[in-house]
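This briefing covers a pocket, a metal site and a strand. The structure is shown first.

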Amino acid sequence: MGSLLRKATTYDVLREHGIDRRRFVKFCTMMAAAMGLEATVVPQIVEALETKPRLPVIWLHGLECTCCSESFIRSSHPIAQDVILNMISLDYDDTLMAAAGFQAEENRKRIMKDYAGQYVLAVEGNAPTADGGVYCTVGGETFLSILQETAENAKAVIAWGSCASNGCVQAAKPNPTGAKPVHKLISHKAIVNVPGCPPIAEVMTGVLTYILTFGALPELDRYGRPKMFYGQRIHDKCYRRSFFDAGQFVESWDDDGAKKGWCLYKMGCRGPTTYNSCPTFKWNNGVSYPIGSGHGCIGCSEENFWDNGPFYERLTSIPVPGIESTPNEIGTVAAGAAMVGVGLHFISSMARRATQKKEEAPDKEGR
Amino acid sequence: MSTAVPEFDPQEIALHPEDYFRRQLVWQLPVRITHWVNAACLIVLFLTGLYISHPLLAPSGEAVRHFVMGRVRQIHFVAAMIFTVSFLARIYWFWMGNAYSRSGFPYVWRPEWWKDLFRQGTDYLRLERGHAHLGHNSLGGVAYTLFVIFLGWCQIFTGMAMYSESNPGGFLNRVFGWVLPLLGGSFTTRMWHHAFAWGFVVFAILHVYIILYDSTQYGNGLITSIISGYKFYQKGDFKED
Ligand code: HEM
Ligand code: HEM
Ligand code: SF4
Ligand code: SF4
């Protein structure tokens, strides 16, 4: 891995690794397309990668499963793999770096000092906050304090994956460790959320390329996600949408509709409520994505997707403590109760009227 | 006090009917129009909403020939837009209309409102004729405020937010999009929209029953009043009478 001190550009490092210019320009073109930018921006990306020193990145790992790193290093495009690993100067990454122990921690401290205000903090996973954060410690320090300390002088923070962006499984109910996503732990810093479990490799690369090229964070939506990758729902780009509009739905796994590739809405597909790029980039070298393989989207890039279960049903339970019922169950009970109340009132008023008729004593004066 | 409509001497009534029965224009035209537009929209919205959440009877053959879900959603959205306009019109008329258009509204800082609430509640439970109203009574006011105004806003905000999702960054999305993060995301917004929808069913049951009951109990022509606008009252119903 290239050293920071050389201040090499991405292009320098790529050439060192035997990537020719043609492949490099191809990569830049692909990135522009992935970010939804015009072809005229390609030279800008080329120039940035050629001239700007590589982006110093500190990559921290908290409570997580490392699926984001797995996704990142398996970046699909044939030329991307080398490029991505060399695009940033990854001088501290618990998982990937050569250094270990004290030397590694030293490294982090040095980058924080030498590149104060310039380095990007990439966070994979989140920090447990219960009991002073003891449920995740690195080198004797709580991850919570490492996170906050490292964020202090960062230029920007990238929250990789659903863990860092919105909590994911470790923050799902009942969240015993008090795990919290990055944006709830760090304030006064530009944070970009890149949710997904894991996020798509092309999306991760795209975010980094954008930051390197334009020296700023991409435009974000209400959830702090880059609009270019999370601007639309799976449902609005899904190739099964015509079956949705037609009203043709898979009713059970392996039924006739499933064989014909009908819409997975009734099987609990979260496409209508999930913002991600899966139908565009797909997964594993663009081979397929869940819906393409006949399984509904589980909404992995959405907040609380673990709590919004079961995955194979459309509606979840009302999140009111003590009630474990779906809206339909509650609705029918409420409507039933209203019917019973109305019925009782009706019967008693009829009974009252019948007895009064017998007494034959209407009040002649009104009241 | 009697439970049914008081009976008067038929001969006297025939001589001076206006001494015994009078009618009063209570529901002005905008109230009547918005009532039926809202009622029709709510029925359509609930039924199409149920289909959207649980589509049935898949058509066979190529998808290109069918547009069932699409059409049902389209009807839901058209009804939703009409409902929204009519709902807002009724709210406008709350201030612009006659005193009856504001009657019963929970002015919780006024003791009379609480007194009327208690009196009406007990009258309905004791099956007594009790005190007559021309406008809404306090109990009705509570019901309309909770089931119609509050739930109406809930449905409009959650519904519009979901509707705006198909055009991110568009006008509706900028106006209503904030609802989605507030309710914990697009998925939970849908869940609440669905749960609130049942509130209208509960309302319709209570509403139609109480209209029928009240109309028979008071003999005030309440049922036809929402078409004609006139309610009837009789000797002894009001102090000034
Ligand atoms: C059998 C059919 C119905 C009749 C005869 C009827 C009659 C009436 C009457 C007379 C009022 C005035 C209420 C009062 O003084 O307490 C009223 C108000 C209202 N009704 Fe209905 N109703 C019917 C069905 C419905 C349905 C199905 C809905 C919607 C689910 C609905 C929604 C409302 C609303 C929102 C109000 C308050 C309206 C206002 O003051 O503008 N009604 N209705
Ligand atoms: C007033 C404005 C309203 C708007 C803009 C609106 C819009 C929507 C939208 C966008 C959906 C989601 C459709 C989809 O999943 O593709 C929906 C679903 C639904 N709506 Fe509405 N709606 C409105 C009012 C109502 C009302 C008043 C009711 C109830 C009487 C209602 C009942 C439902 C139901 C039950 C669903 C199904 C929810 C589900 O997906 O499980 N809506 N509506
Ligand atoms: S499979 Fe899922 S994302 Fe695709 S159209 Fe159906 S509901 Fe929408
Ligand atoms: S299709 Fe849905 S669940 Fe699958 S990876 Fe994409 S966002 Fe996540």
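Which residues lie nearest the centre of the second largest pocket? In this predicted model, they are I52(B), H76(B), F77(B), M162(B) and H193(B), out of a lining of 34 residues. The points below are grouped by topic.

**Second largest pocket**
- The elements giving two or more residues to the lining of the second largest pocket are α11 (241-246) of chain A and, from chain B, α3 (29-53), α4 (68-96), α6 (138-163) and α9 (186-218).
- The second largest pocket holds about 720 Å³ of space.
- Its lining is made up of 19 nonpolar, 10 polar and five charged residues.

**Iron site**
- H35(B) and H207(B) each coordinate the iron atom of ligand 1 through NE2, at 1.9 to 2.0 Å.
- These two residues are 172 residues apart and link distant parts of the chain, with H35(B) in helix α3 of chain B and H207(B) in helix α9 of chain B.
- The site of the iron atom of ligand 1 is octahedral, with angles of 87 to 178° among six donor atoms.
- For six octahedral donors, the ideal angles are 90 or 180 degrees.
- H207(B) counts as buried because its relative accessibility is 15%, under the 20% cut-off.
- H35(B), at 23% relative accessibility, counts as partly exposed.

**Strand β1 of chain A**
- Seven of the seven residues of strand β1 (residues 55-61) of chain A are buried.
- One side of β1(A) carries L55(A), V57(A), W59(A) and H61(A), and the other P56(A), I58(A) and L60(A).
- β1(A) runs parallel to strand β2 (residues 88-93) of chain A, joined by five bridges, and I58(A) stands opposite Y92(A) in β2(A).
- Five bridges also join β1(A) to the parallel strand β3 (residues 120-124) of chain A, where A122(A) stands opposite W59(A).

Notes. Residues are numbered from 1 along each chain as its sequence is written. Chains are lettered from A and ligands numbered from 1 in the order in which they are written. This is a predicted model: local features need pLDDT of at least 70, side-chain atom pairs count only at pLDDT 80 or more; totals for chains, interfaces and linings use all residues. Side-chain values use heavy atoms; hydrogens and water are left out. On a 1 Å grid over the protein atoms alone, a cavity is a set of points where a 1.4 Å probe fits but cannot get out, and a pocket is an open set with protein on both sides within 12 Å along at least five of seven lines; lining residues have an atom within 4 Å of a point. Grid points are joined across faces, edges and corners, and a volume is the space filled by probe spheres set on the points. Helices (H or I, at least four residues) and strands (E, at least two) are DSSP runs, numbered from the N terminus. Ala, Val, Leu, Ile, Met, Phe, Trp, Tyr, Cys and Pro count as nonpolar, Asp, Glu, Lys and Arg as charged, and the others, Gly among them, as polar. Donors are N, O and S atoms within 2.8 Å of the metal (3.2 Å for Na, K and Ca); water is not among the atoms, so sites may look incomplete. Four donors count as tetrahedral if all angles lie between 85 and 135 degrees; four count as square planar and six as octahedral if opposite donors are over 155 degrees apart and all others between 65 and 115; anything else is irregular. Buried means under 20% relative accessible area, exposed over 50%, partly exposed in between (1.4 Å probe, protein chains only). Two strands pair if DSSP finds at least two bridges between them.
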